[in-house]
Amino acid sequence: MYGFHGRLLRIDLTTQSYTWQDIESSRLTAVLGGVGLGASLLYDHAPPGAEPFSADNPLIFTSAPLVGTGLTTTAKYAVVTKSPLTGFIADSLSSSFFALELKRVGVDALVITGAAGQPTYLLITDDGVEFRTAAHLTGLSAQETEERIRHAERTEKGAEARVAAIGRAGENLVRFATLSNEGRHAGRGGVGAVFGAKKLKAVALRGHCRVAVADTGAVERIAATLRERSVGPQTAKYREIGTVANLAVFDRLGSLPTYNFQNTPFVQAEALSGESFVTNGFSQTHGCAACTIRCERLFRSLSGEAQRLEYETLFAFGPLCGIEEPDAVLRAARLCDRYGLDTISTGGTIAWAAECADKGLWPELRETGLSFGNAEAILALIPDIAHRRGVGAALAEGSRLAATRIGAEAESFAMHVKGMELPGYEPRSLKTMALGLAVSPRGACHNRSGAYEADFSGQVDRLQADAGRGALVAASEDFSAVLDSLIVCKFLRKCFDDFYSDTAHLMSAVTGWDYTAAGLKQVGERINTLKKLFNMREGWQPEDDWLPPRLLTEPLPSGVAQGVGLTPDELRLMIQSYYAARGWNEQGLITEEKKREFGL
Amino acid sequence: MDTQASTRSPALSAVILSGGKSSRMGRPKALLPFDGKPLIAHLVQRLSQRFSDIVVVAAPDQTLPSLPVTLVHDTVAYQGPVGGLCYGLQATRGTAAFVTSCDVPFLQLPFIDYLVSQLDHHGRDYDVVVPVWQDRLQPLHAVYRRSVVPHLQEQLAAQRLRPVYLYDTVPTRKVSPAEIKRFDPEGLSFLNMNTQADYQAALAQWRTLSVPISCTVELFGVARLTARTSRVALTLSAEATLGDALTVLGVECPALLGSVLSADEAGHASLQSGYTCNINGQDFVRDAHTRLRAGDSLLILSSDAGG
Ligand code: SF4
């Protein structure tokens, strides 16, 4: 077999046992690797209705056919489970050397079930699995854990293990805890908390296996073209500034949510802009393994530490929480990394709490001094969330669950979809994105579709809703599903001539199987159908595809999109158009016919 | 078809109908002076930047100044626009023609280019491209294929003198106000004159248009880092387009040339792939012919917004 190993490793933490199993090639052709393979395995390996924190909920790591081919931006893996934040599918991506090592241990997937009795980490090699105590690692950050395990597991010949680990937040089952490796995070959906529930601190990998590709020459030719394009004008933004470049643009376009989505634009947008970060301070460029774009930016805080910063983190603590000082945002990012917290959900939940404090809805908050823009109070809450201390215990549940404890008014401005906090895209001024966020299987997500691209390109009138958006969102989700299953970084997406034809050609060269553009498109649709099927099985209801009440009742009060709102009827129209584009019924349920079409 | 084409196409002609009645004006509209020159001379001069073949249809006894055009006279005294259209198209050498009346001082060439480009729209061929402005079709600011002549002759024979009958007969592309506004935000193209008061107002407008406008370019991302500034103020001619603004920007900020802007041999600048432009935080535009208005802000940003 080329491109894949054709097998997975099942690990049971309860019994400390493991076994290898073949993966049918029909499954690999149908869903590729990454997110697609993860969704497919989750459907089969998770008992219906399994609680996210139960031993039954599988934690699935998947590799992908392009990993290890030398193709730029492909050192990635997916980790898939049932999310403790949403109760639906969590499919997160992360990257770098851990991803390369996953492929080297000779499997396409790890399926980890059960729960350990004591803190544990796994050392996985080509030969099998060792279950190690992690008692001495409890309370350490992911980075410290990674360093300790790498040191401990280095072989006499100096072979290194690659490690993905959780921090304190994961151990304490914070519902939006991350899994981290080499400073990268599988961020959204609370994968880290599922680790914590299993008393699993880390997974270490050390392998030697290689996967051959069917047509080396062809793969190298395509790789060379993409490498060249990856350093051209299409990616200049990522190379020169990184994703933080979004802030100033979004602000100017009335698409930067501020103060818990109460407003836009942000007074300090200039000071917090990516351009200012790059111009005013020391910054360093980094990249994932095997990447020529290298979009990561590290900025030095006043205390002298270099800190990675992405747009979503900058948004979540800057405009969303009202923090105006760049250094405070860097410190917030650092704390989230240290404890292993998803920055979007952390910022989103704190912003929600700040509004509760503003409105006097939650008396206990008074002691914290929390208010929008009060950087010290906001920063102090981050460790409290990770330790589940004081009000942090409620915030650790995420804004949806925390709001149910406070009351209906607080629920009306809890800015989440399916329990996942919204990313930094203002849905009222980005109507295609509004639909994308409402229907996304993993909750309010800006990664599993690029619905905002239609809004930001002038392809549609971004301030108006219409029935054409369903098809755009479905197509964008399918595109992302293929991208996330090959896996190729989304920042390479503009470097293809014709994405489906180019990647079909590439996949044929890697696997030796026949792929066509139309076939790959269908793979994208199949993967999204699978995710939805999983969610339906886990209790999805039509009202789960919806947006927070604030977005549907309050027009934007200022900025270039002043007065623009989104009515429930407009959202309903777009959602119906999405179901129609997908061939689902009016309730958004997948028909038997559709299941048959995809052999599901 | 390339909407950016600014060269003169031999396949296309222009027709100016100058035979209409000028009863309310009290003198021939074609001869109303602007800057001391009859309006029709301005129109011919402007249209000749695009069309090498220009036909002027005059009334049977109308006299006009000497112009580099093919002059034809209505054989029958004024039969409404259909008559002039029919005679004019018959006299053209091209396969299609832009047709206008003679009393419109503010023709916008980029908009005319756009109309011509719409003869072939999304793979469909049209015989007529006609704008709709203020809820009215604008038959005397439209593009017609020469192949419609037999239909017009039939209409004339049947005394069906309204152009709209033609639109019901042949494939017709109606251009919406939203499309028009991209090139001509105020609809100046359709501003015609029937009375002395109209003429005076047009003269005032003519003078305004000779005053330059100010626009601001706001640079984001790599463009800002490259230019080392976030804003550039530009002074542009009153009828400046996006292409004109980018050209001036290239002169003001030469650092942008080669990375964000490219310039052709004639010095016209355009955005490189990877960059896009938004006007006033509202509309994303790439068409170099997009007209700018005084006070517009031009945002230059990565075409990969988001992520
Ligand atoms: S572009 Fe950025 S996120 Fe993507 S692979 Fe490269 S460094 Fe990693």
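How much area do domain 1 of chain B and domain 2 of chain B bury between them? The figure is about 980 Å², with 45% of it on carbon and sulfur atoms. This is a predicted model. The ligand lies between domain 1 and domain 2 of chain A, because both give residues to the shell around it. Chain A and chain B bury about 2200 Å² between them.

**Ligand site**

- The ligand takes up the space of the largest cavity.
- Domain 1 (7-206) and domain 2 (243-414) of chain A both contribute to the shell, so the ligand sits between these two domains.
- Residues around the ligand include A:Thr73, A:Lys76 and A:Arg184.
- Also around the ligand are A:Gly287, A:Cys288, A:Cys291, A:Ile293, A:Arg294 and A:Cys295.
- By class, the shell holds six nonpolar, two polar and three charged residues.

**Domains of chain A**

- Chain A is assigned domain 1 (7-206), domain 2 (243-414) and domain 3 (427-597).
- The C-alpha centres of domain 1 and domain 2 of chain A are 27 Å apart.
- Contact between these two domains of chain A involves 32 residues of domain 1 and 29 residues of domain 2.
- Together, domain 1 and domain 2 of chain A bury about 2300 Å², 50% of it on carbon and sulfur atoms.
- On the domain 1 side of chain A, A:Phe176, A:Arg184 and A:Arg188 lose the most area to domain 2, together 26% of what that side buries.
- Four salt bridges cross the interface of domain 1 and domain 2 of chain A.
- A:Arg188 and A:Asp342 meet through their side chains in a salt bridge, at 3.1 Å from N to O.

**Domains of chain B**

- Chain B is assigned domain 1 (3-208) and domain 2 (213-302).
- The contact draws 15 residues from domain 1 of chain B and nine residues from domain 2 of chain B.
- The C-alpha centres of the two domains of chain B lie 32 Å apart.
- Two salt bridges are counted between domain 1 and domain 2 of chain B.
- A salt bridge joins the side chains of B:Arg46 and B:Glu239, with an N to O distance of 3.3 Å.

**Interface of chain A and chain B**

- On the chain A side, 32 residues are in contact with 23 residues of chain B.
- A:Pro233, A:Arg252 and A:Glu275 supply 23% of the area that chain A buries against chain B, more than any other three residues.
- Of the area that the two chains bury between them, about 2200 Å², 57% is on carbon and sulfur atoms.
- Three salt bridges are found across the interface of chain A and chain B.
- B:Arg224 and A:Glu270 form a salt bridge, their closest N and O atoms 3.0 Å apart.

Key. Residues are numbered from 1 along each chain as its sequence is written. Chains are lettered from A and ligands numbered from 1 in the order in which they are written. This is a predicted model: local features need pLDDT of at least 70, side-chain atom pairs count only at pLDDT 80 or more; totals for chains, interfaces and linings use all residues. Side-chain values use heavy atoms; hydrogens and water are left out. A residue is near a molecule or strand if one of its heavy atoms lies within 4 Å of it. On a 1 Å grid over the protein atoms alone, a cavity is a set of points where a 1.4 Å probe fits but cannot get out, and a pocket is an open set with protein on both sides within 12 Å along at least five of seven lines; lining residues have an atom within 4 Å of a point. A molecule sits in a cavity or pocket if more than half of its atoms lie within 2 Å of its grid points. Ala, Val, Leu, Ile, Met, Phe, Trp, Tyr, Cys and Pro count as nonpolar, Asp, Glu, Lys and Arg as charged, and the others, Gly among them, as polar. Domain bounds come from an automatic or database domain assignment. Contact means heavy atoms within 4.5 Å. Buried area is the accessible area (1.4 Å probe) that two parts lose on being put together, summed over both.
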